Amino acid sequence: IHNKPAASKFSIPSSVSMEFPSELVPNYESSVFVIKDFSRIRHSHEVVYSEPLIFNGLTWRLKVYPNGNGIAKGVYISIFLEMLKGLSEPSKYEYRVEMINHRDPASLCIVREFSSDFEVGECWGYNRFYKIDLLDREGLLSAPATLS
C-alpha cells in the first residue's frame with residue numbers, strides 16, 4: 001500500500017492516518033551491511049557475506065560479488081539474498097536490497113525489490129545490481145573506499 005491522496009468527494013481530517021498495518025504481511029526486517037576496503041576487494045573474485053539476519057525463525061544473509069558474477073563480472077556489482085535457515089518447503093518471500101549514499105543520504109539510493117520462492121541454501125538476487133564504475137562517481141563509496 002502506498003500513501004496517495006484520497007480521491008473522493010469527502011475530506012478526511014489530517015489527524016486520521018491513511019496507513020493501515022497488515023497483520024498478514026509483516027513489515028520488512030532490515031540491517032545494514034558495510035563492505036570495508038571495497039577498492040582492495042573490488043578487483044578480486046572474492047565473495048563477501050553479511051552477518052546473518054535472524055527474523056521470525058528464518059536466517060538470511062547477503063552474498064555480494066564486488067567484481068560481479070557470471071556475465072556481469074567486471075562490469076556490475078552482484079548482490080544476492082541467501083536463506084540459511086527456513087521452512088522445510090519452498091515459500092515465497094518479498095525482499096528489498098538498497099545501496100545507500102552515505103555522503104548524501106537524501107540524494108541517491110539504489111533499490112531493488114524482488115519476490116522469489118526460497119528454500120534453505122538458495123540465493124536470489126541481481127547479477128547486474130549496479131555498474132561498478134558508477135559507484136565512486138555517484139557517491140556510493142565513502143572514504144576509505146567503503147560500500148554500504
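This is a short walk through one predicted protein model, from its overall fold to two single residues.

Some ground rules. Residues are numbered from 1 along the chain as its sequence is written, and side-chain values use heavy atoms, without hydrogens or water. Because the model is predicted, local features need pLDDT of at least 70 and side-chain atom pairs count only at pLDDT 80 or more, while totals for chains, interfaces and linings use all residues.

Start with the fold. The chain has two helices and nine strands. These are DSSP runs, numbered from the N terminus: helices (H or I) have at least four residues, strands (E) at least two. The order along the sequence is α-β-β-β-β-β-β-β-α-β-β.

Of the 148 residues, 32% are buried. Buried means under 20% relative accessible area, exposed over 50%, and partly exposed in between, with a 1.4 Å probe and protein chains only.

Next, Glu82. It lies in strand E4. Is Glu82 buried or exposed? Buried, because its relative accessible area is 9%. Its side chain makes a polar contact of 2.7 Å with that of Arg61. Such a contact is a pair of N or O atoms within 3.5 Å; within protein, one must be able to donate a hydrogen and the other to accept it, and residues adjacent in sequence count only if both atoms are side-chain atoms.

Last, Asn56. It sits in the loop between strands E2 and E3. Asn56 is exposed, because its relative accessibility is 61%. Its phi is near 55°, a positive value in a residue other than glycine.
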